[in-house]
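Subject: Structure handover

Hello,

Here is the structure I promised to pass on. Please open it alongside this message.

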Amino acid sequence: MRDDAVARAARIRLMIFDVDGILTDGSLHYGPSGEVIKTFNVLDGHGIKLLQRSGVATAIISARKSDIVEKRAADLGIQHVYQGVHNKRAAFEKLLADTGTPQESCGFIGDDVIDLPILLRCGFAASVPNGHAEVRARVHLVTQAGGGRGAARELCDFILRAQGNYEAVLAPYLE
């Protein structure tokens with residue numbers, strides 16, 4: 001973790017997630033008819049919902065296109081979903097324009113070099129321990145948990161703590 005990770009996370013108003021390798025473990029399972037099956041982690045999903053409840057908007061930018069990602073995004077209330085995007089910088093710039101969010105108020109978590117155009121421009125960049133070495137070397141935070149194995153939840157909790165909102169989002173469960 002870089003020294004400025006907490007301060008950068010405290011400024012986040014929009015958190016953007018890659019899918020394969022972040023919200024999933026990066027595995028693609030093909031069924032007999034060629035359909036792709038992805039596995040998502042419920043802890044990650046609840047972390048995203050807690051982050052939204054605290055006032056942080058969420059988005060997805062993914063190079064692959066999948067109906068299951070649309071379904072998962074809808075289940076989680078993620079309104080901004082950009083799929084089939086090979087120029088992630090262009091998608092990031094469109095997202096900023098669509099939401100009116102300055103890049104320094106955005107966070108992004110990605111795991112491969114295709115994610116670098118966003119990771120190098122956003123205010124808070126994160127990756128996972130099994131992310132590509134070039135990515136891990138350039139981010140503010142590398143989670144302890146792997147992609148699809150709680151990394152998104154760990155990141156959401158980190159942001160909530162950095163913004164002083166962790167106890168407030170936990171409070172309803174402690175009553």
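Predicted model: local features only at pLDDT ≥ 70, side-chain atom pairs only at ≥ 80, totals over all residues.

**Strand β7 and its neighbours**

Start at β7, which covers residues 124–127. Side chains in a regular strand alternate between the two faces of the sheet. In β7, F124 and A126 point one way. A125 and S127 point the other way. All four are buried.

β7 pairs with β6, residues 106–109, through three bridges. These two strands run parallel. A125 in β7 is the bridge partner of F108. β7 also pairs with β8, residues 141–142, through two bridges. That pairing is parallel too. Here S127 has V142 in β8 as its bridge partner.

**Aromatic rings**

The count of aromatic pairs is one. F124 and F158 have ring centres 5.9 Å apart and planes at 5°, so they are stacked. F124 belongs to β7 and F158 to helix α7 (residues 151–162), so the pair ties together parts 34 residues apart in sequence. Both F124 and F158 are buried.

There is also a charge over a ring. The charged end of R161 sits over the ring of Y166, 3.9 Å from its centre.

**Nonpolar cores**

Nonpolar side chains tend to be buried together in soluble globular proteins. The largest nonpolar core here has 34 residues. Those with the most contacts inside it are M15, F17, L23, I109, F124, L155 and I159. Several elements each supply at least two residues of this core, including α1 (5–10), β1 (14–17), β7 and α8 (166–174). α7 gives the most, with eight residues.

L23 is worth a look. Leaving aside residues up to four places away in sequence, L23 touches F17, D18, T39, F40, N41, D44, I48, I60, G148 and A152.

Another core lies apart from the largest one. This other core has 19 residues, among them A59, A91, L95 and F108.

**Cysteines**

How many disulfides does a search of the whole structure find? The search finds zero. Take C106 and its closest cysteine sulfur, in C122. The two sulfurs are 7.4 Å apart, too far for a bond. A disulfide would need them within 2.5 Å. Both residues are buried: C106 has a relative accessible area of 0%, and C122 has 6%.

Best wishes

Conventions. Residues numbered from 1 in each chain as written. Heavy atoms only, no water. Phe/Tyr/Trp six-rings, centres within 6.5 Å; stacked < 30°, edge-to-face > 60°. Buried < 20%, exposed > 50% of the residue type's maximum accessible area, 1.4 Å probe, protein only. Lys NZ or Arg CZ within 6 Å of the ring centre and 35° of its normal. Pairing = 2+ DSSP bridges. Core = buried A, V, L, I, M, F, W, Y, C linked by side-chain atoms within 4.5 Å. Contact = heavy atoms within 4.5 Å.
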